Amino acid sequence: MFLLPLAAVAIPGAAISYLSGELLPVSAVAWLQTRGTPFTFLAKLSDHSYRLKLEAVLQRKPEAIAMGSSRANQWRSAMFRPTRFYNAANAVFVVRDFRRMLEEFGDFSPRVILFSFDYFTFVPTFETSYLPQSRTEVGGWASPEQIRIIQGLLDDLVQTRSFPWPSHNAAPALGLSAIRTGVGFRLDGSYNYGSRTFDDGTSSVSAIEAGKQWPLVPAEGLDNSILRDFERFTELARQKGIALVGVTMPYIPKVRGAMERSPHYGAWRQFQSAATKEWIRKQGVLHFDFSDLESFGGRPDEFADPYHPSEPAYIRMLLSMLVNERFRTLFPDLDPHDLQETLKRAGRLEAYRDTF
């Protein structure tokens, strides 16, 4: 009798949490995303994106994957057809986790890894902020995390007075953030930003010049211990026979200009130096530096925000990469004409939507 009131709250709360996707194991989400029915997933009350992407790779065993931060969000599987491709990005932020994820692949190895390659990942301030990131599955029955999620979902019900059905404006979605906003991870692991107004970076300039704009953390130079972590990653990739392609994504011109003017970005300047580029080459990484829009014919309006280029920008980058003979041998069946035709039909943010 004493437990009945608690059960009256806990059982419905747990049921709603599972139905909304907030308590659904991310291994189950990864499996659901192999079934072919398009939907987006993004939980609000926990972040297990590392485990989601790892489970998806192990279930799909793609030939090529994307890894790294959110700046690799828009690599789409349709861009690489007929190569089997999965976007495992927006999950690995700490450099040592690149090697960790490779180790957790076990006996499986993709043929190619494209990864986001930015100076700030070699700065301790950036790394420290992601050390608490979960690398495990959602907490199980009666775990502190499960109780916290149930409480958070009940609070959402009280505030919004609407049940979080797994859909958003008829677009299937799982996870409270995806249900409420429509954004989240698509079937191919890429990120759907939804509809966003254009931001040309003006509002960020003063903060960048002062060294106070995330993720452009200030630093005098690159951290040697993190550089060694990267070398351990590339060594393991070589042992597994994986080709590594590092891509430094573009910034909106006002953002890059502010970084160039600011005295707080010695690490950025070191990353751009000839010495660092030679170090990257020695690691066996094929590096494409697209931080300057002009390097690939990019357009300043093709951004979800000043730090995240959109799908059309990625197509332009991919077309530029295909000019490189070494990259072309990694993807010999990619059709530049098909990419160009897709680009002609693209909007500012999307080129493929639910095409995989």
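What you're looking at is a predicted model, where local features need pLDDT of at least 70, side-chain atom pairs count only at pLDDT 80 or more, and totals for chains, interfaces and linings use all residues. Residues are numbered from 1 along each chain as its sequence is written, and side-chain values use heavy atoms, with hydrogens and water left out.

Let's start with the rings. A search of the whole structure turns up 33 aromatic pairs. Rings of Phe, Tyr and Trp (its six-membered ring) pair if their centres lie within 6.5 Å; planes under 30 degrees apart count as stacked, over 60 as edge-to-face and the rest as tilted. Tyr 119 and Phe 120 make an edge-to-face pair, with 5.5 Å from centre to centre and 75° between the planes. Phe 120 also pairs with Phe 126, and that pair is tilted, at 5.0 Å and 50°. Tyr 119 and Phe 120 are both buried, and Phe 126 is buried as well. Buried means under 20% relative accessible area, exposed over 50%, and partly exposed in between (1.4 Å probe, protein chains only).

Elsewhere, rings gather in a group: one aromatic cluster includes Trp 75, Phe 80, Tyr 314 and Phe 331.

Now for a loop. Gln 283 lies between helix H12 (274-282) and strand S10 (285-289); helices (H or I, at least four residues) and strands (E, at least two) are DSSP runs, numbered from the N terminus. Is Gln 283 buried or exposed? It's buried, with a relative accessible area of 9%. Its side chain joins that of Thr 234 through a polar contact of 3.2 Å, meaning a pair of N or O atoms within 3.5 Å; within protein, one must be able to donate a hydrogen and the other to accept it, and residues adjacent in sequence count only if both atoms are side-chain atoms.

Finally, look at helix H13 (residues 311-321): ten of its eleven residues are buried, so the helix is largely enclosed by the rest of the structure. Among those buried residues is Tyr 314, which also belongs to the aromatic cluster.
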